[in-house]
Amino acid sequence: MIQVLHTPVLIPEIGMLVSDTLPHHSCRRCGRCCTSKLVPLYSKDLDRLDGFKGFYLPTTAQEREITGAECKMKMVKSRCVFLEGRRCTVYDRRPDTCRRHPFIVTGRRILVSTACPGIDWSRKGDGCLPYYKGLSSGISESLDQFIDVRTKIRSRRTRL
Ligand code: SF4
Ligand code: SF4
């Protein structure tokens, strides 16, 4: 029987669970995180990909509210423009979102993707929190605010 470390809380709008710890992760190279995914791009990411053209689009108002980013990676037929088969053609220059996936470590929360098949909730991960926090600096503040607001709205509805 699988023993779950704790009971994580789902944030449906972003398909992630708020957790109190990093679970174990071993990438299965399924390529799911490069398809049908919002990959926000911050100035650091755009600088890293300098020289490439036509790979990004403006974010929608809700995407900006959640991520704080003005741009996102372009997907063609739901696939990232840099994905070939299951291979990232800009691996060494990939955005922070891709480097930290399936985790986001904000100033106040640890979030874990619900879609990544490489997560094992029965084992504690050996990932380094400060490392993931550094890679989440672009999204951290907006996402914490977004979750604060959503959590308040939900608890108000439950009390009614
Ligand atoms: S979804 Fe998870 S297992 Fe699949 S490629 Fe991405 S990180 Fe690896
Ligand atoms: S940049 Fe690379 S790792 Fe990131 S979504 Fe695109 S193909 Fe995947």
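In what order do the 3 strands of the open sheet lie? The legends below take that up, along with two further close-ups of this predicted model.

**View 1. An open sheet of 3 strands.** The strands follow the order E4-E6-E5, and their pairing is antiparallel. Strand E4 (40-41) and strand E5 (56-58) are the edge strands; each has a single partner strand, so one side of each has no neighbour in the sheet.

**View 2. Where E4 meets E6.** Here we look at one pairing within that sheet. Strand E6 covers residues 71-73 and runs antiparallel to E4, with 2 bridges joining them.

**View 3. Isoleucine 139 and its contacts.** This residue sits in helix H5, which spans residues 137-159. Is isoleucine 139 buried or exposed? Isoleucine 139 counts as buried because it has 23 C-beta neighbours inside 10 Å, and the cut-off for buried is 20 or more. Setting aside neighbours within four places in sequence, isoleucine 139 is in contact with Pro40, Thr67, Gly68 and Ile104. Look for aspartate 96 as well: 43 residues separate it from isoleucine 139 in sequence, while the C-alpha to C-alpha distance between the two is 9.9 Å.

How values were computed: Residues are numbered from 1 along each chain as its sequence is written. Chains are lettered from A and ligands numbered from 1 in the order in which they are written. This is a predicted model: local features need pLDDT of at least 70, side-chain atom pairs count only at pLDDT 80 or more; totals for chains, interfaces and linings use all residues. Two strands pair if DSSP finds at least two bridges between them. Helices (H or I, at least four residues) and strands (E, at least two) are DSSP runs, numbered from the N terminus. A residue is buried if 20 or more other C-beta atoms lie within 10 Å of its own, exposed if 12 or fewer, and partly exposed in between; C-beta atoms are placed from the backbone. Two residues are in contact if their C-beta atoms, placed from the backbone, lie within 7 Å.
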